[in-house]
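Let's take a friendly walk through a protein, from its overall build to some of its individual residues. Have the sequence and the 3D view at hand as you read.

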Amino acid sequence: MYVVESKGGAIACMLLALIFLGTWPAILTLLERRGRLPQHTYLDYSITNFLAAILIALTFGQIGNSTPEMPNFLTQLSQDNWPCVLFAMTGGVVLSLGNLSTQYAWAFVGLSVTEVITSSITVVIGTTFNYFLDDKINRADILFPGVGCFLIAVCLGAAVHSSNAADNKVKLDSLSSDHIDAMKVSNTSMIPNEAASKDLENRNDPAQKAKAGTAGFLVQLENRRSIKVFGKSTFIGLGITFFAGVCFSLFSPAFNLATNDQWNTLKTGVPHLVVYTAFFYFSLSCFVLAIILNITFLYHPVLGSPKTSFQAYLRDWNGRGWALLAGLLCGFGNGLQFMGGQAAGYAAADAVQALPLVSTFWGILLFGEYRKSSRRTYILLFSMLFMFITAIAVLMASSGHRK
């Protein structure tokens, strides 16, 4: 099998993982904002996410000759390594719960602040666990200042969210309630074909697209999206976000235990799980749980999402390609994170939790987040991004080398 052995290779894996893991949330957020049901999106995403793990296992996991100390993927499937397999599957379960939760948190709290909060919890809890599980192979004098940089960035991120929420309130207060109600009617009273026909006949769009950052844009977004958030407590979204953060903080230590067996659960002579075998079982449990939960949510939706059916899901091709792409990006991103962590230590690999840097970029570029915001919001935003860049550099500099 292919093994990442150099520090440079490990850092390359982590950088690619950072880009992939910061991009797929933006794609799922885009689909939700366009009105695609989250149950449909997550089912598509789960399929390709698991296919990515299979592809990685059958390629990188099968390169080269198999040895007793480091068997290839297919060889290891028949070995008596179930204690470590259960650790890997536990990691997949908590990751699946975390990813599923964030899909709803993005609607309530926003893409950028959700990623900031979940990443901070992951760094504080998960990176600390991994540091001790890895027998302190990372340099503590660099690693923990990096964690501190993350926490500063988190505080700045919370300040950005608070400032931007205040800006949005001012924008919405500038609209009269009659104006808001009229915009809701114009956006929802006709089907798209009728609207298009009226545009051609009258050359007048009754639901003309508002500019990003305006109050009209916020109202139109609420009308179009699949998860309605107006009038609902922000504590719902924050509660979901904190739950997701705890889940994310546990999956990397569980994977670490699966591949390195620090608790000596394997029988004498049984080799440790190679990263590709562990990733396969990890992704398998993630996939199974996601399918069970989302098929249940089709018929028993949560948080006010519309009820649907499996037949409706099969017929829903609107945005399916994007959802499938998101699954591939997440699958390959997780695989690269674990490959880099096996070489440089999982505490250093947790530098990919700086993914809000990428997600915020997509949030600004695709969704117009922070458009027409106050000067205070912009200063906080740039300060947060600067601190994230510092955090990822420091955490990567702390990487050691597993003996």
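Below we look at the overall build, then the cores, the salt bridges and a few single residues.

**Before we start**

This is a predicted model, in which local features need pLDDT of at least 70 and side-chain atom pairs count only at pLDDT 80 or more, while totals for chains, interfaces and linings use all residues. Residues are numbered from 1 along each chain as its sequence is written, and side-chain values use heavy atoms, leaving out hydrogens and water.

**The overall build**

The protein has 16 helices and zero strands. Both kinds of element are DSSP runs numbered from the N terminus: helices are H or I with at least four residues, strands are E with at least two. Of its 403 residues, 55% are buried. Here, buried means under 20% relative accessible area, exposed means over 50%, and partly exposed is in between, using a 1.4 Å probe and protein chains only.

The protein exposes about 17,500 Å², and carbon and sulfur atoms supply 67% of that area. Such areas come from the Shrake-Rupley method with a 1.4 Å probe; for residues, only the protein chains shown count as cover.

How much of the contact count comes from residues 24 or more positions apart? Among contacts with a separation of 6 or more, they account for 84%. A contact means heavy atoms within 4.5 Å.

**The nonpolar cores**

In soluble globular proteins, nonpolar side chains tend to be buried together. A nonpolar core is a set of buried Ala, Val, Leu, Ile, Met, Phe, Trp, Tyr and Cys residues joined through side-chain atoms within 4.5 Å. The largest one here has 63 residues, and W24, F251, F255, F279, F282 and F338 touch the most other members. Elements that give two or more residues to this core include α1 (7-33), α2 (38-59), α10 (234-260) and α13 (320-344). Which helix gives the largest share? That is α4, with twelve residues.

Apart from this core lies another, of 20 residues, among them Y131, L156, A391 and L395.

Leaving aside neighbours within four places in sequence, F279 is in contact with A53, I56, F255, G331, N334, G335 and F338. V85 lies in helix α4 and is buried, with a relative accessible area of 0%. Not counting residues up to four places away in sequence, V85 touches L273 and Y281. The C-alpha atoms of V85 and A278 are separated by 6.6 Å, although these residues are 193 apart along the chain.

**Salt bridges**

Side chains of opposite charge can pair when their charged atoms come close. A salt bridge is a side-chain nitrogen of Lys or Arg within 4 Å of a carboxyl oxygen of Asp or Glu. By this rule the count comes to five salt bridges, including these:

| Salt bridge | Closest N and O atoms |
|---|---|
| E32 and R225 | 2.8 Å |
| R36 and D44 | 2.8 Å |
| R320 and D44 | 3.0 Å |

E32 lies in helix α1 and R225 in the loop between α9 (215-224) and α10, so their pair ties together parts that are 193 residues apart in sequence. Are these two partners buried or exposed? E32 counts as buried at 5% relative accessibility, and R225 is buried at 7%.

R320 is buried, with a relative accessible area of 6%. D44 is buried at 2%, and R36 counts as buried at 4%. Salt bridges that share partners join R36, D44, D316 and R320 into one network.

**Some further stops**

N260 is in helix α10 and counts as buried because its relative accessibility is 13%. A polar contact of 3.3 Å joins the side chains of N260 and T259. Such a contact is a pair of N or O atoms within 3.5 Å; within protein, one must be able to donate a hydrogen and the other to accept it, and residues adjacent in sequence count only if both atoms are side-chain atoms.

In α15, the buried residues include P356, V358 and F367. Just after α15, G368 takes a positive phi of about 70°.
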